[in-house]
Amino acid sequence: AEVEETLKRIQAHKGVMATIVINAEGIPIRTTLDNSTTVQYAGLLHQLTMKARSTVRDIDPQNDLTFLRIRSKKHEIMVAPGNISVKITIELYVL
Amino acid sequence: MEIIYVYTRKRSEFGRPCSFSDRPAKVSVDIPPDPSMASNFILRNPVDSYVQHGSDMSEHEVNTVRVEVESRGVNHVEGGWPKDINPQEVEQTIRFRKKVEKDENYVNTITHLGTLMEHCVKQNNAINIYEEYFGEEMAEVEDEPPSAKTINVISKLTSFFDVLLSKRDPNVTKRTATHLSWHPDTSKKLAVAYSSLEFQQNMKDMNFDSYIWDLENPNKPELVLKPSSPLVILEYNPKDSHVLVGGCYNGQMAYWDTRKGGLPVEVSTVEVSHRDPVYGAIWLQSKTGTECFSASTDGQVLWWDIRKLSEPTETLVLDITRKGLLENALGAVTLEFEPTMPTKFMVGTEQGIVIACNRKAKTPPEKITSTYSGHHGPVYALARNPFYPKIFLTVGDWTARIWSEETKESPIMWTKYHLSYLTDGCWSTMRPAVFFTTRSDGTLDVWDFLFKQNDPSLSLKVCDEPLSSLRLQDNGCVVGCGSKLGTVTLLEISSGLCTLQRNEKTLATAMFERETKREKILEARHRELRLKERARSEGQELEVEEKPVESPHEVLDRVRREFFEVIEAELQRRAQAETQCLRGKVPGTGQTDSHSRDSLPWGWGHGSASAFQIKDCEGEEAAVQGEESQLPKDKEEEEEDAA
């Protein structure tokens, strides 16, 4: 229930296009997008997050990745990595 | 085996600790050197020995292998599901998901991540951190000193290319790069005309070719143009970038199509062409895009249609007496044409005069609208300011002058006299008050007239030999200079010199207007003075009997005479004044006083007259060049004084 509430709150924010929750294996648990897009995002971002996390860890083992933002011309993709799940939000912003 | 020494020890004594004792050093053996043994050896003097204190290096070669990159797409398929769940079945996936969501760990993580995510989302919504601030302000101009750097040097390969063509003739003459023309669209190609402009210096083995260079490949020309006589001038057609027109050394005009190769497509017939090298050729604005006109030192300006080079469409003889006589004509050295004013054009001549002409005039004499004289030597370059069409720049002899079309007497601004000839010049296409000049000592000057008028803002020594031509690329940042030995150097000028400053346009307008007004006022003043003189001289001619027109020598003699007379008179007066003072000091009788008093007025009167005369004579000396009107005036004053 809390989970629902949290996700709803995030989705309700202005500019948020979609929210995806992925588990440790890369399977999308929760999503507000259609399946194929979700799968695409999940696959790509999961790997990228893993890579980013390992990079941060390699440079300083005490360090860990807290947040990853990918800014592009049209949107911004925000990834919050956790231990067992990863939450992705896709946001649209206007310059 | 022989036993040398026997050492015995009792068995009970084995294992006994050793007792060491100390003893001072004692010489056991002393072997002195035996000099006789030295004879077995040869003394070596000096001894060469090597010491190396460098690090050891070894040489390796690495050749990178080009990486082949290919773009591919990835087809994403669902995966990662545990083995027992079939991703296609919706029920199973839903069930799995539900199971995961029930996990406590999951809930905690999600809440934690949720707060984190919210923070960032709110951040994004609050402010756009990548917003472009101060976007309206134009980029601050860095106050860097103006500079330019060479980006490319194309040296005509007389050493390599021509040697191949002329079968290793070591006397291959180097030709001047007389004209440069940038490709109108890409600005990556440069057409250079090479010819030798020395009078009658054509060697038999001199190459006639001119080249089109691609800047990506400065070692080998992209296209070799082979005219029948060396090209003095070469211009790309601004409308059709494949067509070039060239003016030859022998006066003919030729045109090329780069798609068709290096030989000219058509050459004008010799009889109707120019009689001297064609020094100026410019494409005209026309619907067909095939018209051009050319000028040469034989005094003619000819209009051609490319499609029919057998005869010119129009001719004009540059005779400023407007009689159309070829004998009086002035030789043209440069042409100038502004596409925005299609009927007017300007010609710079060998005699230092710039002629402005109107093509659409009814009769040939009317074609020449005005002349501007001011240079001491041939006008090598003539260019209108791209921002202010009424202002144009002329480069010739040792100065560069800026003229306004309205003031015909003199330029509105000019540079100081340099030590070497100025050979070419052009305006900057980006900044209205910046222009470039090349000198015959190999220097390229960049002048910024808003900033400094006495010296160039930037003076670069490009090469040791004289620079013969200059051309700015359309974007205004790259300039190409051709030198006397055929080397073309491309320079990129710093952005400060080719980006428009904030108030530059207004400042430049103000400056040009101010200078034009000043010249106009000066002109008006001169005209007034002259009118006055003329009026006065006309009036005086009635009073004074006709004086025979004096030759300059006579005038000079007379002036000299009068001058000496005045000097004598002054000296006399001074001497008299001295004696009077002396006399005055001696307490004299009233007679002497009165005498002195009498003499004084006379002295004064004479003095004043002489003072007048001195002034007049000085004025005369200054105007002895030919202001005859002043002489009758002087005569009149002398008569007045005499009376």
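To begin with one residue, what is the relative accessible area of E4(A), and with which residue does E4(A) form a salt bridge?

A: This is a predicted model, in which local features need pLDDT of at least 70 and side-chain atom pairs count only at pLDDT 80 or more, while totals for chains, interfaces and linings use all residues. Residues are numbered from 1 along each chain as its sequence is written, chains are lettered from A and ligands numbered from 1 in the order in which they are written, and side-chain values use heavy atoms, with hydrogens and water left out.

E4(A) has a relative accessible area of 33% and is partly exposed (buried means under 20% relative accessible area, exposed over 50%, and partly exposed in between, with a 1.4 Å probe and protein chains only). Its partner in a salt bridge is R30(A), the closest N and O atoms being 2.0 Å apart (a salt bridge is a side-chain nitrogen of Lys or Arg within 4 Å of a carboxyl oxygen of Asp or Glu). Because E4(A) lies in helix α1 (residues 2-12) of chain A and R30(A) in strand β2 (residues 28-31) of chain A, the pair ties together parts that are 26 residues apart in sequence (helices, H or I of at least four residues, and strands, E of at least two, are DSSP runs numbered from the N terminus). R30(A) also counts as partly exposed, at 23% relative accessibility.

A search of the whole structure finds 21 salt bridges over all chains. One of them joins R527(B) to E523(B), with the closest N and O atoms 3.2 Å apart, and here both residues lie in helix α6 (residues 504-543) of chain B, four residues apart, about one turn of the helix. R527(B) is partly exposed at 47%, whereas E523(B), at 14%, counts as buried.

Between the two chains, 32 residues of chain B are in contact with 38 residues of chain A (contact means heavy atoms within 4.5 Å), and the count of salt bridges between chain B and chain A is one. That salt bridge is formed by R9(A) with E118(B), whose closest N and O atoms are 2.5 Å apart. On the side of chain B that touches chain A, the elements giving two or more residues are α2 (90-102) and α3 (104-126) of chain B, and α3(B) provides the largest share, 17 residues. Finally, R9(A) and E118(B) are linked with K122(B) in a network of salt bridges.
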